[in-house]
Amino acid sequence: RESFAVEQVEITKGPNSSYAGRGSSGGTINSITKRASSDYSFNKLDVGLGSDDYRRLTLDSNQPLGEHAALRANLLHGSEQVPDRAPAERERDGAALSLLLQPTERFSVLADYYYLDAAGAADLGTYIEPNGGEPVDDLMPYLQDEDFLRSTVNIGTVRAEYDSDGG
């Protein structure tokens, strides 16, 4: 999971099957993605750098396109090695784009596109020598080339809303 495009997280505790379905007896978690708004304009860049080749860059930009449209872009690049656990590593690149078209106060169209490319090598673990020993650093890495984490996500949605009440 990646959080660069999440605006808000809602947690509902306890049974709430009438709201979220029969399988949600212990509660639900709802992640709300960032969406374009014509009400404000901003650019936010976050940069994280650290040891073990850690780097994470995110850009969140919302720009009105006149009075009745807006574009929001969220970009991500992240990479890291797991300290002292080679070949364990992670790399992520992502983009979330949101376009709002609101020709009238009662009608709007919101189009979203989400892309994530995540790759990495799993942490194969180790063991500790018996009788209070140290972790073993030189485990034989059987099948390391075949043990990987890889996912690519492409999701597009279009939502049209019309307020028939006018309020």
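Tutor: We shall go from the overall fold to single residues, bearing in mind that the model is predicted.

Student: How many helices and strands does the protein have, and in what pattern do they follow along the sequence?

Tutor: A fold is first read by listing its elements in order. The protein has 1 helix and 8 strands. Along the sequence they follow the pattern β-α-β-β-β-β-β-β-β.

Student: What share of the contacts joins residues 24 or more positions apart?

Tutor: Such a share is read against a stated set of contacts. Among contacts with a separation of 6 or more, 54% are between residues 24 or more positions apart.

Student: What percentage of the residues count as buried?

Tutor: Burial is judged by relative accessible area, and buried means under 20%. Of the 167 residues of the protein, 23% count as buried. The protein exposes about 11,800 Å², and carbon and sulfur atoms supply 51% of that area.

Student: Which residues make up the largest nonpolar core?

Tutor: A core is read as a set of buried nonpolar residues joined through their side chains. The largest one here has 5 residues in all, namely F4, A5, L76, A96 and L116. Leaving out residues up to four places away in sequence, L116 touches several others, including F4 and L76 as well as E2, R92 and V153.

Student: How many salt bridges does the structure hold, and how is one of them to be read?

Tutor: One reads the two partners, the distance between them and their places in the chain. The structure holds 8 salt bridges. In one of them, R56 pairs with E2, and the closest N and O atoms are 2.5 Å apart. R56 lies in strand β4 and E2 in the segment before β1 (6-13), so this bridge ties together parts 54 residues apart in sequence.

Student: Are R56 and E2 buried or partly exposed?

Tutor: The two partners are judged one at a time. R56 is partly exposed, at 24% relative accessibility, whereas E2 is buried, with a relative accessible area of 13%.

Student: Where do the partners D60 and K34 lie?

Tutor: The side chains of D60 and K34 meet in a salt bridge of 3.2 Å, N to O. D60 lies in strand β4 and K34 in the loop between β2 (27-33) and β3, 26 residues apart. Both D60 and K34 are buried. They also belong to a network of salt bridges that links E7, K34, D60 and R72.

Student: Finally, how is a loop residue such as D53 to be read?

Tutor: One asks where it sits and what it touches. D53 lies in the loop between β3 (42-50) and β4 (54-64). Leaving aside neighbours within four places in sequence, D53 is in contact with S79, E80 and Q81. With Q81 there is a polar contact of 3.2 Å between the side chains. D53 and V82 are 29 residues apart in sequence, and their C-alpha atoms are 9.1 Å apart in space.

Methods:
Residues are numbered from 1 along each chain as its sequence is written. This is a predicted model: local features need pLDDT of at least 70, side-chain atom pairs count only at pLDDT 80 or more; totals for chains, interfaces and linings use all residues. Side-chain values use heavy atoms; hydrogens and water are left out. Helices (H or I, at least four residues) and strands (E, at least two) are DSSP runs, numbered from the N terminus. Contact means heavy atoms within 4.5 Å. A polar contact is a pair of N or O atoms within 3.5 Å; within protein, one must be able to donate a hydrogen and the other to accept it, and residues adjacent in sequence count only if both atoms are side-chain atoms. A nonpolar core is a set of buried Ala, Val, Leu, Ile, Met, Phe, Trp, Tyr and Cys residues joined through side-chain atoms within 4.5 Å. Buried means under 20% relative accessible area, exposed over 50%, partly exposed in between (1.4 Å probe, protein chains only). Accessible areas come from the Shrake-Rupley method with a 1.4 Å probe; for residues, only the protein chains shown count as cover. A salt bridge is a side-chain nitrogen of Lys or Arg within 4 Å of a carboxyl oxygen of Asp or Glu.
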